[in-house]
Amino acid sequence: VSGPREAEALGQLLGSPFFEGFDPRDLAELARGAAVVPFDTYELVFLQGDPATSLFLLVSGSVELRVGRPTGGPTLVVQTVTHQGYPIGWSAMVAPFTYRATATALEPTRLLAVSQDALRRRAAARPEFGMTLMRAVVGVAGDRLRATRTRLVARRYDDVVVAIRDLLHQSGPRLSVASPLHRLPYYLEHRLTLADAFSTLDALADHGEPAERELAGLCADLLDRVRQELDLYRQLQTIYQTVAGAGPETRPEEVRLRSTLEFRRLFAAIRHRIEGTEHLPGRPGHIFIMNHLRNHPDNLLPNNVLLTLDTHFVSSMVVFERYGEAPVRVVRKSRPDEYGFQQFYDRLGYVYVYSGHVDAGDEDPDTSPEARRRLFLEVAGAHLERGKNLVICPEGSSTFTDRSPLRFRPGAFRLAAHVRPEPLLVPVAVANFDKKLTATTIASVVHEPFRLSDFVADPGDDRALLDFINHQVGPWFRDWVREAAALADWAS
Amino acid sequence: MDPAKLEGLAFFAGLPRWALEVLAGAAREEEVPAGRVVLHQHDRVRTVLFLVEGALQILVRVGDDDLLVGVLGGYGELVGWSAFRPPYRATATVRCERPSRLVALPVTAFEELFSRDPGLGYLLLGRVAAGVADRLEQARERLVTATAQGAMGERP
């Protein structure tokens, strides 16, 4: 070799699993014309359909390969290349010599570019090299075909574990019986061992045998969504611990702020749409009423707590975003067996409402239902009068997006009537929080605020109040939730 | 088999006469009824097949099920590319969807040809690679379609 550039190129070629078994003299010849090319984060390496003029080997960084249909429409990430020496753009050696995917650097990345001309020239000069090259291309294309079929299997069965078992079964002849990869399907069966699955894959990707490295890469691609779900789950655990584990000296406002900032980090990584923020009042001190959606059971924490993601979304991404202060939520007082919730809500300084369960304090005449209603109006009203926003789900229960909303209860409206100056009721419709957050788009739409007194002359008239809630607010929300769901679908 | 007939398949187009004769001497044409399996997943592949007429299903075994991942119907489509790469085992099962006619060629005939003329090895292995790459593209297209349908709430 004649210089450092050529020496680096040769080193990369010799170390690449793609060129394993090639005659070093052929690789030295290729190194002469090869060059390491740097790419910035999100810089395009090549575009699907473009003439394929170079074969690349990954030197450092990572590259995403994405494909779409020739007719346009959605695209799909088919591979994330992170292994040093892995070939990208092997279409440069295969008719019709157009790139079959779009390659984009995901971080500062260096690729060794070997020109198609150099490969062809060497194959013409030494056909044995050409033959070995083509066998290597058949190998890498065959591996990708097998990986794609495995993903089809995963989609068909909606079960990535089935697909991974199949992949490992197919790879049996190439894989040592002692390989840690065989443990993977078992790790994937339980959420609490998911992290072990990923540490196994990461370790093998770095230090495994060649077949293990390649299979670990294929499995990691297949498990991309599972990894996102694990990350989400860990974030939920962190948020819970941040709140429930806050020291007694920490004020509720401070705990709310920390929780809100953590939730903002979580939601920032999830596909979401927010519309209608122009309707938000200029100053705080109002009641945000929203439909309430169930949580996906996958988000259940080990202590049986499901954090209500829709309300945290509205609190952190809509209200906090506008006013810079976390709102106070009104929540149902937890049942005695729901100590995990109670521990969480107590630290956040939320306002409680009661839903009929009996605990020791219920025998006290001062905590009769009427006394509790009064207490709620006083405590919640005081927050509003101090210019704090409140977030309330008037249904008192939760459901799925396509069945939302349930019938609204009057408490939030009675609170609005109780407080002077009369606060605005700010409607917010939400959709898709009942689905797997990594596989959907969540949406929230703020609608024009209103004052109760503009619709109900005497809020003390129960019939008039319920008539307004059931026959006006209810139908409005039904339409608004459909609209939010359509917005989410469109965004997907 | 008549070398001229073999040359009619795109895979063999442009080969010198002697090469066609070597391959044609080892080739045989087969009529295969619908439903017959011509290649079993995981089996060692010793014969390369070319579709002349009919249609072939590509199936992947998952547990007790065979999942259909593609159908080949093009004249001259190559089946059994695993014969050219380690570990030389079929990655899928291939079954006749309709009564089909196939040209079968033992991989040893190819290897003999490649050792006599590595240039032909380069050419023909390039055509094998193109066939696998085309199949990969079709599989990816199916995956993109299935994923898009999944996103809209439909099941494939």
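How many residues does the contact take from chain B and from chain A? It takes 45 from chain B and 43 from chain A, with contact meaning heavy atoms within 4.5 Å. Before going on, keep in mind that this is a predicted model, where local features need pLDDT of at least 70 and side-chain atom pairs count only at pLDDT 80 or more, while totals for chains, interfaces and linings use all residues. Residues are numbered from 1 along each chain as its sequence is written, chains are lettered from A in the order in which they are written, and side-chain values use heavy atoms, leaving out hydrogens and water.

Back to the interface: about 4200 Å² is buried between the two chains, and carbon and sulfur atoms give 70% of that. Buried area here is the accessible area (1.4 Å probe) that two parts lose on being put together, summed over both. On the chain B side, B:Y122, B:R140 and B:L143 lose the most area to chain A, together 18% of what that side buries.

Now for the charges. Four salt bridges turn up across the interface, each a side-chain nitrogen of Lys or Arg within 4 Å of a carboxyl oxygen of Asp or Glu. A:R135 and B:E111 meet in a salt bridge, at 3.1 Å from N to O.

Over in chain A, have a look at A:N470, which sits in helix α15 (residues 462-491); helices are DSSP runs (H or I, at least four residues), numbered from the N terminus. Leaving aside neighbours within four places in sequence, A:N470 is in contact with A:R407, A:F408 and A:P475. Its C-alpha atom is 9.0 Å from that of A:R409, 61 residues apart along the chain.

Notes: Helix = DSSP H or I, 4+ residues; strand = E, 2+ residues; numbered from the N terminus.
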